[in-house]
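I opened this entry to record what I looked up in the structure. The notes follow the order in which I consulted it.

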Amino acid sequence: MTAAMFLGCACIAFGPALALYIFTIATEPLRIIFLIVGKANEGLKSINPDEEAPSMRLLAYVSGLGFGIMSGIFSFVNTLSDSLGPGTVGIHGDSPHFFLNSAFMTLVIILLHVFWGIVFFDGCERKNRYALLVVLLTHLLVSALTFISPHYGVSLLSAYMIMVLMGVWAFFVAGGSCRSLKLCLLCQDKDFLLFNQHSR
C-alpha cells in the first residue's frame, strides 16, 4: 500500500507538470536552453538565422513552470518520502488523507506558478502594478492557506478557486480568446500550444 500511495501521490502532484514539460518545452530544448541562459537572440541567430526570437510569453511560461516544479519538489519531497513508511498517518487523530491532500495542494501550487509567471511577466511588460499586486497577494494568500492544515477542504477549495481565476486571467493575457479555446477544444487549431509563438 505504501508504494501505491507514493506513486499515486507523485503522479497527482507532478503528472500534469511533467505533461506540460513534455508536450510544450521538451519539443524545442535548444531554444529553451538559450532562452534561459539569456543569450537567446544572438545564440539562435548564429545557429539558425531564419529562426525568430522566442517571445516573452514563452519565457513567462517556462519560468513559471520551472519555479512551480522547484516549489513542488521542495514542498512535497519529504511528505512523499514519508508515504513509503514506516508509520501510520492518522494515528493521533490526523486526517488519513494527508498524503492525498498534500499532493493536490502541490499540484495547485505548481499550476499557480505557471499562471503567476504569465500574469507577472505581462504586468511587468505593460507596467501594470495592479497585476503585479494581485500576483503577490494571491501568492501570499495561497501560502497562508497551507497553515490551516486540519481544514483541508477549505484550503484546497480556496486554492483551486484562485487557480481557476488566475488560469483564466493568464489565458487571456497570453493571447487566448473564446474563439481560440473553442478551436482548441474541437481539435481544429493548427497552432496549438506554444509551437508558433511570435515575439512581442
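Entry 1: I began with Phe-172, which counts as partly exposed at 43% relative accessibility; the class lies between buried, under 20% relative accessible area, and exposed, over 50% (1.4 Å probe, protein chains only). Phe-171 is also partly exposed, at 30% relative accessibility. I noted that Phe-171 and Phe-172 form an edge-to-face aromatic pair, with 5.2 Å from centre to centre and 75 degrees between the planes. For such pairs, rings of Phe, Tyr and Trp (its six-membered ring) must have centres within 6.5 Å; planes under 30 degrees apart are stacked, over 60 edge-to-face, and the rest tilted.

**Entry 2: basis of the values.** I recorded that the model is predicted, with pLDDT of at least 70 needed for local features and 80 or more for side-chain atom pairs, while totals for chains, interfaces and linings use all residues. Residues are numbered from 1 along each chain as its sequence is written, and side-chain values use heavy atoms, leaving out hydrogens and water.

**Entry 3: the nonpolar patch.** Which residues make the nonpolar surface patch? I found Val-164, Val-168, Phe-171, Phe-172, Leu-181 and Leu-185, with an area of about 540 Å². Patch members have over 30% relative accessible area and no salt bridge; nonpolar side chains (Val, Leu, Ile, Met, Phe, Trp, Tyr) are joined within 5 Å, like charges within 9 Å. A salt bridge is a side-chain nitrogen of Lys or Arg within 4 Å of a carboxyl oxygen of Asp or Glu. Helix 7 (152-173) and helix 8 (178-185) each supply at least two residues, and helix 7 gives the most, with four.

**Entry 4: the overall fold.** I counted eight helices and zero strands in the protein; these are DSSP runs numbered from the N terminus (helices H or I, at least four residues; strands E, at least two). Buried residues make up 34% of the 200 residues. The accessible surface comes to about 12100 Å², 70% of it belonging to carbon and sulfur atoms, by the Shrake-Rupley method with a 1.4 Å probe, where for residues only the protein chains shown count as cover.

**Entry 5: the core.** Which residues touch the most other members of the largest nonpolar core? I listed Tyr-61, Phe-76, Val-108, Leu-112, Ile-118 and Met-166, out of 38 residues. Helix 1 (2-25), helix 4 (56-82), helix 5 (98-126), helix 6 (129-145) and helix 7 each supply at least two residues of this core, and helix 5 gives the most, with 13. Such a core is a set of buried Ala, Val, Leu, Ile, Met, Phe, Trp, Tyr and Cys residues joined through side-chain atoms within 4.5 Å.

**Entry 6: the remaining aromatic search.** I found three aromatic pairs in the whole structure. The rings of Phe-14 and Phe-76 have centres 6.2 Å apart and planes at 50 degrees, so this pair is tilted. The pair links distant parts of the chain, with Phe-14 in helix 1 and Phe-76 in helix 4, 62 residues apart. Phe-76 is buried, with a relative accessible area of 1%.

**Entry 7: two single residues.** I noted Lys-127 for its positive phi, near 55 degrees, in a residue other than glycine. Lys-127 lies in the loop between helix 5 and helix 6 and is exposed, with a relative accessible area of 71%. Tyr-152, in helix 7, is buried at 18% relative accessible area. Tyr-152 and Asn-101 are 51 residues apart in sequence, and their C-alpha atoms are 6.7 Å apart in space.
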